[in-house]
Structures are given as C-alpha cells and as structure tokens.
Amino acid sequence: MDSHAHIALSNEFVIYLSLVMAVATFIIRFAVIGMAGRFNMSERFKKTLRFVPVTVLPAIIAVEILGKGSNFAFNLENPKVLAAIVCTIVSLRFGLIWVVISGLISLVIFQNYLEPITQFLTHFMA
C-alpha cells in the first residue's frame, strides 16, 4: 500500500511554478553577475574562487559513481567504479572527448557484461 500522499497538480499550476522558478533563478544569478566588478576582491579570495569548480565537480561525480547511504559501493563489482578507472587511465594519454567516449563504452560494457565475466573468471580460477 502506498503511504505517500498524492497531490494532483494542474497544468497551469506547473507552468506558473516553472515560470516563477525561472524568474527567481535569473534574478539570483543576475544579481551576482551584476555585482561583479563593483567591489574589489582580495587576491586570496580570487585564488580561493579558482578552486571551487575543481572541488565541486569531483564531489558531484563521486556521489554519482559511488552512490550514497546504503547504496554506497566502492568496490570492483560496481560497474561505475570500473568505468571511472578506465576514464582515468584514458585521461592520462588522450583528450576529453576520448575520456567521454571511453567512459560511455566501458560503462555499457561493465553494466551488461561484468557479472558474466566475473562468473566465468570465478569458475575458471576454481
């Protein structure tokens, strides 16, 4: 039995809500962009800002690869971890497009064929 309450949303409500959210997002972003150049930032603050994308992006990617909570899986049975390893190795030698291509291909292969490969290796090693 489903214990969640369901709320019927009309199409008009969803459209108005989407428009309000788009306007709010624009105002928030424009306010920050509009303030740029109006105040002086210290060199230390500028240096700190340069590290924000470098730290945020891996945090987002790590959660997507490893999962979170009870779904956390940092092992070689996780196809996303194996695909990330392949991407890391490819990135040492090739450019970004090859990293993306190798990541997609390796993820599809590992998601579809990892279990048969591990069963074969387990049977072969025993």
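## A first look at the structure

The domain assignment divides the protein into domain 1 (1-41) and domain 2 (44-125). Keep in mind that this is a predicted model. Between the centres of domain 1 and domain 2, taken over C-alpha atoms, there are 31 Å.

**Helix α1**

- Helix α1 covers residues 11-35, and its 25 residues should span 36 Å at 1.5 Å a residue; the end C-alpha atoms are 36 Å apart, so the two values agree.
- Just after α1 comes glycine 37, with a positive phi of about 90°.

**Helix α5**

- With 30 residues, α5 would reach 44 Å as a straight helix at 1.5 Å a residue, but its end C-alpha atoms are only 37 Å apart.
- The buried residues of α5 are Val99, Ser102, Gly103, Ser106, Phe110 and Leu114.

**The largest pocket**

- The largest pocket holds about 280 Å³ of space.
- Its lining is made up of Leu57, Ile61, Glu64, Ile65, Lys80, Ala83, Ala84, Cys87, Gly103, Leu104 and Leu107.
- Two or more lining residues come from each of α3 (52-66), α4 (79-91) and α5 (96-125).
- Sorted by class, the lining of the largest pocket has eight nonpolar residues, two charged ones and one polar one.

Note on methods
Residues numbered from 1 in each chain as written. Predicted model: local features only at pLDDT ≥ 70, side-chain atom pairs only at ≥ 80, totals over all residues. Heavy atoms only, no water. 1 Å grid on protein atoms, 1.4 Å probe; cavity = no way out; pocket = protein on both sides within 12 Å on 5 of 7 lines; lining within 4 Å. Points joined across faces, edges and corners; volume = space filled by probe spheres on them. Helix = DSSP H or I, 4+ residues; strand = E, 2+ residues; numbered from the N terminus. Nonpolar A, V, L, I, M, F, W, Y, C, P; charged D, E, K, R; others polar. Domains from an automatic or database assignment. Expected span 1.5 Å × (residues − 1). Buried < 20%, exposed > 50% of the residue type's maximum accessible area, 1.4 Å probe, protein only.
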